[in-house]
Amino acid sequence: MTAHHPTDQSLRRYERGDDDIPADELWAVESHLENCAPCRARLVPDPVATAVWAELQPALDRTPQMPRARRRWNGWFSPAAAPWLAMVVLVTAAAVALDRLGLMAGERVSVVLLVAPLLPVLGVAASWSRALDPAHELVSATPRAGLPLVFRRTAAVLAVVVPGLSLAGLVTGVGFTLWLLPCLAFTVGTLALGTLVGITRAALALTAAWATAIAGPPLLFQRTPLLLDTALTPLWLALLAAGLVVVVLRRMAFTRLETNL
Amino acid sequence: MTAPTTYAWEIEARELRVKAGRRTAVDGVTLTLGRGVHGLLGPNGAGKTTLIRALATVVKPASGTLSLFGGGDLRDVRARIGYLPQDFGYYRRFTVRDFVSYVAWLKEMPSRDVPAAVQRAIDRVGLAERADDKLKSLSGGMIRRVGIAQAIVNDPEVLLLDEPTVGLDPMQRLRFRELMAELGADACVVVSTHLVEDVAAGCSDVVILDRGKVVFQGTPARLAAAGSGDHPGDSPIERGYSATLALPDRPGSW
């Protein structure tokens, strides 16, 4: 750019980093170097890379490398949910055992069927609630908080609950159609009610509803719960759809702290 | 390097009212905060935590306006915030590195940047040697530092720290102030505390909150000048603090 290139002497002083160079000269040299490749080449003699490398190499061996530690978490499961999901698996196994022994509700009511709607409620509460997740406030404040993360975590819960129940169904002979819809409806119901009153309260309310309407009567009167009859499939479908609509409409609730706890 | 900003203040609140349960904890706060370290002082129950929660966008204001970075999409705004809540909850079985990288993931940082950013954040709080230890094996002061590391992992432009110095020993507090000064050079750092000396030493600006309202905003020197020998306190700034809150006249104060 400029016709006046710096003299060898001022380049050498600049290179050495002398601190007595007058400020105007220093700036002139520096701004010239930014725009003039030939002068940069004068400044940096070829063996410099070799020299730098020779100095660096011994230091590299002593510098600790960043460990390639494998991350031990997963973006799908809530870190707080692990013990609860283990419990869900245990409850499923216990239900199968009770069914096989025919102890709890006699021959005519399957315990697997009775616990099916309750299991995902536990998992969902563990995945997104202030009471069960110690880092809930931290998580709620992040950009990822919101419906996509909640759906992810719910999918992870269902990925444990549904195969577990399917296996239990195969062992005990309880049909898929009987438990799947109530199970999904309770899952979405927890989230939907949770957007209104907080997930913890929603889980408690739905557990109470389950105890009085589904699990109570059969245990008392030894007959298949009315609500789990296949004739009620449309009802469960309607509840599921309504729940999904509420969840989507109230999705911003998942980006805020549950203040009403 | 950084793109020119299109806003005057990182944080701009006008007549902000925020509820905590049924109580109005923040009652008509008007505040503008830019780069630097801002100390948020006030007696217990003055609304500091609620105000910080509102600034962190986890609590929705009941009325008034709050704009961070001149407004914009919630998700983009949150990606530029670092937040350490007062009750910092963590996963006991996670290692320091796992926890900070999980938060980095939650902050939607590009995955190739995460390992280096995590290492840097852990280094800055002086936990490099414990990086692969489980959180349950750390002391209370170290846990606080993990909390600070997770808050700064995304190089936030607004950093909100609620009572960060609780549980730190005197040496760690000094180191913490240095770190705040470093971060405050190019970010807006809001530190809530009830320790007046933290503010005196480390903050460029003080905001005093009392019963939900801002009763003082200015430099620590101006706060110190507000007090006189008659006001209770062991240092000029403590006397200034007492004078601002008019402590002796408060009914039921102690």
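This is a predicted model: local features need pLDDT of at least 70, side-chain atom pairs count only at pLDDT 80 or more; totals for chains, interfaces and linings use all residues.
A polar contact is a pair of N or O atoms within 3.5 Å, where, within protein, one atom must be able to donate a hydrogen and the other to accept it. By that rule the side chain of B:Asn154 makes such a contact with the backbone oxygen of B:Ala79, at 3.0 Å.

**Overall form of chain B**

- The secondary structure of chain B amounts to nine helices and nine strands, and its C-alpha trace spans about 55 × 40 × 40 Å along the principal axes.
- The radius of gyration of chain B is 18 Å, which agrees with the value near 18 Å that a compact globule of 254 residues would have.
- Of the 254 residues in chain B, 52% are buried.
- When contacts in chain B between residues at least 6 apart in sequence are considered, 66% of them join residues at least 24 apart.

**Interface between chain B and chain A**

- On the side of chain B, 34 residues are in contact with 33 residues of chain A, and the two chains bury about 2,900 Å² between them, with 63% of that area on carbon and sulfur atoms.
- Within chain B, the residues that lose the most area to chain A are B:Tyr91, B:Trp105 and B:Leu106, which together account for 24% of what that side buries.
- Between the two chains, 13 residue pairs are in polar contact, counting pairs with both residues at pLDDT 80 or more.
- The elements that give two or more residues to the side of chain B that touches chain A are helix H2 (74-79), helix H3 (96-106) and helix H4 (114-124) of chain B, and the largest share, eight residues, comes from H3(B).
- By residue class, the side of chain B that touches chain A divides into 18 nonpolar, six polar and ten charged residues.

**B:Arg53 and the salt bridge**

- The rule finds one salt bridge across the interface of chain B and chain A; B:Arg53 forms a salt bridge with A:Glu137, and the closest N and O atoms of this pair are 2.7 Å apart.
- B:Arg53 is found in helix H1 (residues 48-55) of chain B, and this residue counts as buried because its relative accessibility is 15%, where the cut-off for buried is under 20%.
- Not counting residues up to four places away in sequence, B:Arg53 touches A:Arg130, A:Glu137 and A:Leu257 in chain A, together with B:Val58, B:Val59, B:Tyr83 and B:Asp87 in its own chain.

**B:Tyr102 in helix H3**

- B:Tyr102 has its place in helix H3 of chain B and, at 1% relative accessibility, counts as buried.
- B:Tyr102 and B:Val199 are 97 residues apart along the chain, and their C-alpha atoms are separated by 31 Å.

**B:Asn154 in a loop**

- B:Asn154 lies in the loop between helix H5 (140-152) and strand E6 (158-162) of chain B, and its relative accessibility of 12% is why B:Asn154 counts as buried.
- Besides reaching the backbone oxygen of B:Ala79 at 3.0 Å, the side chain of B:Asn154 reaches the backbone oxygen of B:Ile81 at 3.1 Å.
- With residues up to four places away in sequence not counted, B:Asn154 touches B:Ala79, B:Arg80, B:Ile81, B:Gly82, B:Lys107 and B:Met109.

Conventions. Residues are numbered from 1 along each chain as its sequence is written. Chains are lettered from A and ligands numbered from 1 in the order in which they are written. Side-chain values use heavy atoms; hydrogens and water are left out. Contact means heavy atoms within 4.5 Å. Buried area is the accessible area (1.4 Å probe) that two parts lose on being put together, summed over both. A salt bridge is a side-chain nitrogen of Lys or Arg within 4 Å of a carboxyl oxygen of Asp or Glu. Helices (H or I, at least four residues) and strands (E, at least two) are DSSP runs, numbered from the N terminus. Ala, Val, Leu, Ile, Met, Phe, Trp, Tyr, Cys and Pro count as nonpolar, Asp, Glu, Lys and Arg as charged, and the others, Gly among them, as polar. Buried means under 20% relative accessible area, exposed over 50%, partly exposed in between (1.4 Å probe, protein chains only). The radius of gyration is taken over C-alpha atoms; the globule rule is 2.2 Å times the number of residues to the power 0.38.
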